[in-house]
Amino acid sequence: MSHALTARLALAKHEFQFTHALGQNFLLDDGLISRIADAAEVGAGDCVLEIGAGAGVLTAEMASRGASVLALELDRGLAPVLQEVLADLPNAQVVFADAMKADLLQLASDRFGEGARFKVVANLPYYITTDVILRLLTASSPSPIPRPGVRWRRRCSIMARRTRVSRCRPRRSRPGPM
């Protein structure tokens, strides 16, 4: 059974209700999920920090490729869905935490080992896209000061709404936060 179908069945079985305030929009297309994992160049032996596990379809795809995946998810209501989708994947771990408050480097160190390099893959809700990208680029902990000597970024692959991505290009002499 495909990861997307497993997730759809688990969402229905557990009567999961999407939360508009969290900007939830789950990816449930196996073809798209595969292309995202390809674009992120996720493969066997990789360590991946995923921000926004959602229904776990991308998490399952990356873990199925042999990557060690640590997925952050804010919505604890997804716990039974994620348990079902990731049941046969011991190399996938879910932590229920807020990516804007959690010490991402510490979580990654606990999962992958101190100093391990890891990739970041995310399907971000529109309302936190700018903040998460800026946080990933400037710091690895809630502190705005990056830790000296830490080189954790090897690749960041982020899915975002077109309206947010278009804001990444400066359109005036003084660009906004993106």
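The model is predicted, with local features requiring pLDDT of at least 70 and side-chain atom pairs counted only at pLDDT 80 or more, whereas totals for chains, interfaces and linings use all residues. Residues are numbered from 1 along each chain as its sequence is written, and side-chain values use heavy atoms, with hydrogens and water left out.

His-3 lies in helix α1; helices (H or I, at least four residues) and strands (E, at least two) are DSSP runs numbered from the N terminus. Contact means heavy atoms within 4.5 Å. Residues up to four places away in sequence set aside, His-3 touches Asp-30, Val-57, Ala-60, Glu-61 and Ser-64.

Two packed helices are described by the angle between their axes and the distance between the axes. For α1 (residues 3–13) and α3 (residues 57–64), the axes come within 9 Å and cross at roughly 145 degrees. Such axes are lines fitted to C-alpha atoms, for helices over the stretch in contact, and angles run from 0 to 180 degrees between N-to-C directions. On the α1 side, His-3, Ala-4 and Ala-7 meet Val-57, Ala-60, Glu-61 and Ser-64 of α3. By class, this contact has four nonpolar, two polar and one charged residues, where Ala, Val, Leu, Ile, Met, Phe, Trp, Tyr, Cys and Pro count as nonpolar, Asp, Glu, Lys and Arg as charged, and the others, Gly among them, as polar.

Helix α3 is largely enclosed by the rest of the structure, because seven of its eight residues are buried. Buried means under 20% relative accessible area, exposed over 50%, and partly exposed in between (1.4 Å probe, protein chains only). The buried residues of α3 are Val-57, Leu-58, Thr-59, Ala-60, Glu-61, Met-62 and Ala-63. Just after α3, Gly-66 takes a positive phi of about 100 degrees.

Phe-96 belongs to strand β3 (residues 92–96) and is partly exposed, with a relative accessible area of 23%. Beyond its neighbours within four places in sequence, Phe-96 contacts Glu-73, Asp-75, Arg-76, Ala-79 and Leu-82. Phe-96 and Asp-75 are 21 residues apart in sequence and 7.1 Å apart in space, C-alpha to C-alpha.
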